[in-house]
Amino acid sequence: MSLKTEELFSLENPVFRAYLFYNSVLVLKMMSMSALTSFIRIRNKAFANPEDAVMYKRKPITNESVERVRRAHQNDLENIQIYFVAAFSYLMTSPSPWLAKTLFLTFTAARIAYTLVYAVVVVPQPARFLACFVGYAITGYMALQGAVHFLA
Amino acid sequence: MSLKTEELFSLENPVFRAYLFYNSVLVLKMMSMSALTSFIRIRNKAFANPEDAVMYKRKPITNESVERVRRAHQNDLENIQIYFVAAFSYLMTSPSPWLAKTLFLTFTAARIAYTLVYAVVVVPQPARFLACFVGYAITGYMALQGAVHFLA
Amino acid sequence: MSLKTEELFSLENPVFRAYLFYNSVLVLKMMSMSALTSFIRIRNKAFANPEDAVMYKRKPITNESVERVRRAHQNDLENIQIYFVAAFSYLMTSPSPWLAKTLFLTFTAARIAYTLVYAVVVVPQPARFLACFVGYAITGYMALQGAVHFLA
């Protein structure tokens, strides 16, 4: 069963609505990383720029707690932004609504779990590996579906 | 007043046209960061890769002027790319055209101001904080609208 | 010749299909950078996090091979993600199908070449510069077309 484009791109299409909803949630989740970085920088008085450090009468330093949050944020940039693109192509392949919505939800939950075990409470491996892998596998599946579907 | 999808996604829709216009401007703005980094690397003869440094008979080094531009560029990656996604969801909520166009324009102006006070002429805080905050608040508002509008 | 929006956003439109196809390929290409980074981290036993290093009875260290792959990945984040946005605006300007498909293909090929000469087999300059420049010029052309087309 293949929907026409105007049906795919319709706010009547529950997959498109779910895409827009989870995208918004993921954006808010990524924004929380910027806020968390600022918070940890101030708590540790560890700033990257002289004009920031001077407000606390400090010099710029690096701090492991700050670097950890930054790595978690960087991992979001590396993984979530390609998900937005892969999910857009996947959406256009007329996927099963149930499967598509489950993948969007699982991806979002895995990325929130990833942040928690990486940057909030450090949990020993393989917790972080598993959370990252679930998101990675979903993005890969969607991109592969898109590549196969729109080949030639 | 809620528009139908085919009206939202139409080139007759001034909000969609504004979205496409400001996206293009923001892409050009982000591209200028790559050019600026290359320029400052060459001026300071500070290269990250041995195969680049060897052309100037140097070894790879890090340089604070280069690192500053790189941090400004990284901040673009962290903030502008989620804006593209948040604004897309927001666009689909049938926002007031006046408000939507004002938010797109303000976001773009704030990000250009951010680059100027961070990487071109270093202005004491809170100039950079304010420019960053305006963009952050707009992205958050749009993502929140999208999340609420498309929730189940 | 200008197409109507519903024709541009149609799966009958070969440019839109090509956009979705090359986006999927580029996502898979970017995902390969994460896999490559993990592989090189393990081969060099060079981990950024204590909880990863401890599995190999090591301390976190930085390693030049890892840093090189990370710079190549970062360059993808800086260049490919703005391409997705620029190409979306460009798509809506009713470009010549032949030109649009050629630009998408050339961009994808240039970015794959970039990774090969940067992170797989290190080739002396200007190989990497040229591969990067081709992708940069294409993104710039598309963003400029979008900005001009949707101005006012």
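Predicted model: local features only at pLDDT ≥ 70, side-chain atom pairs only at ≥ 80, totals over all residues.
View 1. Residues are numbered from 1 along each chain as its sequence is written, chains are lettered from A and ligands numbered from 1 in the order in which they are written, and side-chain values use heavy atoms, with hydrogens and water left out. Chain A exposes about 6700 Å², and carbon and sulfur atoms supply 67% of that; the areas come from the Shrake-Rupley method with a 1.4 Å probe, and for residues only the protein chains shown count as cover.

**View 2. Chain A is built from six helices and zero strands.** Helices are DSSP runs of H or I with at least four residues, strands are runs of E with at least two, and both are numbered from the N terminus. Chain A has a radius of gyration of 19 Å, well over the 15 Å that the globule rule gives for 152 residues, so chain A is more spread out than a compact globule. That radius is taken over C-alpha atoms, and the rule is 2.2 Å times the number of residues to the power 0.38. Along its principal axes, the C-alpha trace of chain A spans about 65 × 30 × 30 Å. Look at contacts in chain A between residues at least 6 apart in sequence, and 72% of them join residues at least 24 apart; a contact here means heavy atoms within 4.5 Å.

**View 3. Charges in chain A: the mean positions of the 15 positive and 9 negative ones are 11 Å apart.**

**View 4. Helix α4 of chain A runs from residue 64 to 91 and is mostly covered.** Of its 28 residues, 24 are buried. From first C-alpha to last, α4(A) reaches 40 Å, close to the 40 Å expected at 1.5 Å a residue. That expected span is 1.5 Å times one less than the number of residues in the helix.

**View 5. In the loop between α4 and α5 (97–120) of chain A sits Ser94(A).** Its phi is positive, about 55°, although Ser94(A) is not a glycine. Most residues other than glycine have a negative phi. Is Ser94(A) buried or exposed? Ser94(A) is buried, with a relative accessible area of 12%. Over in chain C, Ser94(C) lies in the loop between α4 (64–91) and α5 (97–120), has a positive phi near 55°, and counts as buried at 12% relative accessibility.

**View 6. Gln74(C), in helix α4 of chain C, has partners in other chains.** Leaving aside neighbours within four places in sequence, Gln74(C) is in contact with Gln74(A), Arg70(B), Gln74(B) and Leu77(B). Gln74(C) is buried, at 10% relative accessible area.

**View 7. Asn23(A), in helix α2 of chain A, is buried with a relative accessible area of 2%.** Which residues does Asn23(A) contact, leaving aside neighbours within four places in sequence? They are Tyr83(A) and Phe84(A), plus Val85(B) and Ser89(B) from chain B.

**View 8. Buried residues of α5(A) pack against helices of chain A and of chain C.** The buried set includes Phe104(A), Phe107(A), Arg111(A), Tyr114(A) and Tyr118(A). Packed against them are α2 (14–43), α4 and α6 (127–149) of chain A, together with α3 (50–53) of chain C. The end C-alpha atoms of α5(A) are 33 Å apart, which agrees with the 34 Å that its 24 residues should span.

**View 9. α6(A) has 23 residues and reaches 33 Å from first C-alpha to last.** Among its buried residues are Arg128(A), Cys132(A), Ile138(A) and Met142(A), along with Gly135(A), Gly140(A) and Gly146(A). Their cover includes α4 and α5 of chain A, together with α2 (14–43) and α3 of chain C.

**View 10. Tyr141(B), in helix α6 of chain B, is partly exposed at 35% relative accessible area.** Not counting residues up to four places away in sequence, Tyr141(B) touches Tyr90(B), Leu99(B) and Leu103(B). Tyr141(B) and Ala87(B) are 54 residues apart in sequence but 9.6 Å apart in space, C-alpha to C-alpha.

Technical notes: Lys, Arg positive; Asp, Glu negative; His and termini not counted. Charge placed at Lys NZ, Arg CZ, Asp CG, Glu CD. Buried < 20%, exposed > 50% of the residue type's maximum accessible area, 1.4 Å probe, protein only.
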